[in-house]
Amino acid sequence: MGVIAVEEATRVVDELDDHESRLDELYERILGWLPYVTLALSTVLSLVLSDRPWSYRLVTLAVALAAATWVYLTYTRLGPKAEAPAVALAVYFVVMLAFGAYLMFRDGLFFIFVITGFMHAGVLRPFPAVVAGVGASSVVINSGLAGTEGGSSGLESLFVGDVSADGVATFTVIVLIQTLAISGGFLMGEKIFQLSRQRKEALAAKEAALAENAGLHMQLMTQAREAGMLDERQRVAREIHDTVAQGLAGIITQLHAADGSAGEDERRRHLDSAADLARRSLAEARRTVQAIGPPTLAEAHLPDALAEESSKWSANGGVPVEFTATGEARPMHPEIEVTLLRTAQEALANVGKHAEAGRVGITLSYMDDQVALDVRDDGVGFEPSRVKSNVSGGFGLAAMRQRVARLAGSVSIESAPGGGTVVSVSLPAVPKAVVDAR
């Protein structure tokens with residue numbers, strides 16, 4: 001997998017982290033402000049709507065202020081609730097609920113404040129404590145709101161009226177349903193959070209694996225470049241020895257012979273031979289220099305370079321070549337592109353030398369994590385198992401396999417006598433961005 005996949009995995013993990021952080025921050029803010037908002041609303045409504053004497057209302061206000069102080073000292077200043085001691089959270093919750101129950105005893109409107117218990121029960125640990133907290137909150141709220149046969153309402157009615165059997169049954173059912181529903185919601189939320197965390201961890205592991213693979217591909221590219229440089233030096237040395245050096249030796253021999261010639265005709269013949277050797281040596285030297293690097297790739301992308309090579313070869317050999325590129329073409333690492341171009345050149349050279357083909361097809365395929373090249377011909381074919389491995393004469397099939405193997409790629413040759421030949425090469429799709437990033 002290439003750098004593009006690494007960047008995509010990193011982007012997804014970062015987005016999940018950011019989204020989760022923003023949700024956690026929002027949820028913490030809501031929990032932090034909830035008791036103050038509900039307590040303030042309950043207090044204001046009680047002061048405005050109550051028909052109790054003002055002395056009674058002022059006592060209720062004092063108790064509400066005490067409840068707010070308790071929330072501030074034991075909840076707001078506690079810090080991150082996930083790191084707070086479970087006992088401290090339990091003590092806070094019990095006392096907060098006791099404040100709520102007493103305030104509801106004084107005025108049923110404070111059920112609004114007690115609703116906070118449903119939400120704050122979610123910070124208790126372990127999960128049975130959450131269920132107990134939700135159940136206790138439900139008992140307090142529904143006890144304060146339940147009516148009695150005497151016509152009273154609120155927790156005060158428990159002390160002045162007779163609770164009916166139907167009322168007890170209804171009360172019990174409501175408490176159970178509320179407890180199960182809200183506790184189930186907390187449990188489902190926890191499961192969703194765990195799944196989200198597992199997904200994020202899996203994506204982070206994938207990102208690490210992709211980054212490691214990209215590093216390994218970069219090492220392969222470096223090793224292939226070094227090995228390619230060594231192969232190129234050895235090839236140039238052989239070329240110079242076999243052509244230029246021998247040509248220069250022949251020129252020196254002809255010049256010495258010209259100096260020792262008895263007649264002008266013989267002298268001229270040796271000089272002409274020396275000049276001819278010099279021209280041929282110059283041509284060989286230029287060919288060797290041009291073969292050091294693929295000039296086509298310096299001016300064009302790989303698909304364009306392959307199309308140009310196919311066109312030139314077809315014009316010189318008289319055999320039609322159909323070139324096709326599939327997938328989203330994108331710049332690859334130079335070693336990848338050079339190897340694919342050299343493979344195509346060697347495959348076409350082999351077709352021209354041995355295949356006696358009537359048509360040739362070349363396909364370059366860009367995939368997510370691979371780039372593949374297929375060269376097909378309808379020639380005479382051969383038996384691949386009988387081909388000798390010989391790399392001394394140039395970039396043959398064995399050298400092709402070695403060069404592709406250095407880049408963690410694979411070569412497949414399918415052929416049979418009379419059935420044509422297919423040369424397939426597959427390499428990792430390492431983008432050019434790897435080089436730029438370095």
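**A first look at the predicted chain**

The protein chain has an average pLDDT of 79, and 76% of its residues score at least 70, pLDDT being the predictor's confidence in each residue on a scale from 0 to 100. Residues are numbered from 1 along each chain as its sequence is written, and side-chain values use heavy atoms, with hydrogens and water left out.

Two stretches call for some care. Over residues 147–161 the pLDDT stays under 50, and the model gives this stretch 25 contacts (heavy atoms within 4.5 Å) beyond four places in sequence. Residues 434–438 also have a pLDDT below 50, with 5 contacts beyond near neighbours in sequence. Where pLDDT is low, the predicted coordinates should not be read in detail.

As for the overall build, the protein chain has 14 helices and 5 strands; these are DSSP runs numbered from the N terminus, with helices (H or I) of at least four residues and strands (E) of at least two. Of the 438 residues, 37% are buried, where buried means under 20% relative accessible area, with a 1.4 Å probe and protein chains only. Among contacts with a separation of 6 or more, 69% join residues 24 or more positions apart.

Helix α3 covers residues 86–106. Its 21 residues reach 31 Å from first C-alpha to last, close to the 30 Å expected at 1.5 Å a residue (1.5 Å times one less than the number of residues). Buried residues in α3 include Phe93 and Leu97, and both of these are in contact with serine 137. Serine 137 sits in helix α6 (residues 127–145) and is itself buried, at a relative accessible area of 0%. Val114, Gly117 and Phe118 also touch serine 137, whose side chain reaches the backbone oxygen of glycine 133 at 2.9 Å.

Further along, strands β1 (residues 321–326) and β2 (residues 360–366) pair in the parallel sense over 6 bridges; pairing takes at least two DSSP bridges between the strands. Going from β1 through α12 to β2, the chain makes a left-handed β-α-β crossover. Threonine 326 has serine 365 in β2 as its bridge partner. Helix α12 spans residues 334–355 and holds glutamate 337, a buried residue with a relative accessible area of 11%. The side chain of glutamate 337 reaches back to the backbone nitrogen of methionine 332 at 3.1 Å.

Methods. Predicted model: local features only at pLDDT ≥ 70, side-chain atom pairs only at ≥ 80, totals over all residues. Buried < 20%, exposed > 50% of the residue type's maximum accessible area, 1.4 Å probe, protein only. Polar contact = N/O pair within 3.5 Å; in protein donor to acceptor, adjacent residues only side chain to side chain. Right-handed = clockwise from strand over helix to strand, strands pointing away.
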